[in-house]
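Reader: Hi! I'm new to this one, could you walk me through it?
Author: Happy to. Let's bring it up and start with one of the helices.

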Amino acid sequence: MPDQPDTRQLVRLLRRILPDSLLGVYLHGSATLGGLRPHSDIDVLAVVRESVRPAQRREIIEELLAVSGVGGRRYVELVVVVRDEVRPWRYPPTCDFLYGDWLREEYERGVIPGPEASPDLAPLLTMVLRADAPVYGPPPGELIDAVPHADLRRAVVAGVPELMGELDSDTRNVLLTLARIWSTLVTGDIRSKDAAASWVLGRLPAGHRAVLARARAVYLGEADECWDGLETRACAEFLVRGIAESYAS
């Protein structure tokens, strides 16, 4: 299992680069939803006073490229939001800065991400508030507002078309994310990916269970990532239908 990056090191990095702006740093995702799995990233939200400047963006990217996923470490996903862009709440919220290793090639070419509207922030902020796991700063509820349930629901379904476009290249993650979306729509809770898959498995026809069960087992480190002989697209399409029906109800 990969080593966990030192979150204190990440806090020191952000405090050094954003000394007058950093308000809080918070864990979310797998680390707060039942524990890290073999393929889990370290998911971190930072709240700042003002938008990150271009030179600061480049410095953060260079620092994280050197440590995220390097030398057996886990990958880091860092999202930065400006406090006044998420409090008071409005939809869609704005992501001020994003670092994720799926964008590594773009970063290495010199691409610097700027602020953009991001419905995905709705479930992320919900997880941050429910986890209440600060590694720097006050409790998250002092800096960000709760996401209305209706906005959470429309946010989780907003990314479904993009997910389906990534099914062939990121099969495990797409299947588990679709399961999580369906679970969230029906229960109002945001489960870990393996827990969401367990919830959905009982609702799948027998012909699709092996696909989602394989995705869950790979996520837990219990199976290799091999999809030979499995109808992954048919399973994904069934999950999408379940999502659509649950959203409409």
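Reader: Which residues of helix α6 are buried?
Author: In α6, which spans residues 149-158, the buried ones are Asp 151, Leu 152, Arg 153, Ala 155, Val 156 and Val 157. Buried means under 20% relative accessible area, exposed means over 50%, and partly exposed lies in between, using a 1.4 Å probe and protein chains only.

Reader: And what covers them?
Author: The cover for the buried residues of α6 includes α5 (121-131), α7 (160-165), α8 (171-187) and α11 (232-248). Contact here means heavy atoms within 4.5 Å.

Reader: Before we go on, what kind of model is this, and how are residues numbered?
Author: It is a predicted model: local features need pLDDT of at least 70, side-chain atom pairs count only at pLDDT 80 or more, and totals for chains, interfaces and linings use all residues. Residues are numbered from 1 along each chain as its sequence is written, and side-chain values use heavy atoms, with hydrogens and water left out.

Reader: Thanks! How many helices and strands are there?
Author: The protein has eleven helices and seven strands. These are DSSP runs numbered from the N terminus: helices are H or I with at least four residues, strands are E with at least two.

Reader: Now the strands. Is β3 covered or exposed?
Author: Mostly covered: β3 is residues 76-82, and seven of its seven residues are buried. Val 76, Leu 78, Val 80 and Val 82 point one way, while Glu 77, Val 79 and Val 81 point the other way, and all are buried.

Reader: Which way does β2 run against β3, parallel or antiparallel?
Author: Parallel: β2 (residues 42-48) pairs with β3 over seven bridges. Ile 42, for instance, has Val 76 in β3 as its bridge partner. Two strands count as paired if DSSP finds at least two bridges between them.

Reader: What sits between α5 and β7?
Author: A loop that holds Asp 132. Asp 132 has phi near 50 degrees, a positive value in a residue other than glycine. With a relative accessible area of 43%, Asp 132 is partly exposed.

Reader: Which peptide bonds are cis?
Author: Two to look at are the bond from Arg 87 to Pro 88, with omega near 5 degrees, and the bond from Tyr 91 to Pro 92, with omega near -5 degrees. Pro 88 is in the loop between α3 (83-86) and β4 (94-95), and Pro 92 is found in the loop between α3 and β4 too.

Reader: Changing topic: where is His 208, and what does it touch?
Author: His 208 is in helix α10, residues 206-219. His 208 counts as buried because its relative accessibility is 14%. Leaving aside neighbours within four places in sequence, His 208 is in contact with Ala 234, Cys 235 and Phe 238.

Reader: Last one, how much of the whole protein is buried?
Author: Buried residues make up 50% of the 249 residues. The C-alpha atoms fill a box of roughly 55 × 40 × 30 Å along the principal axes.
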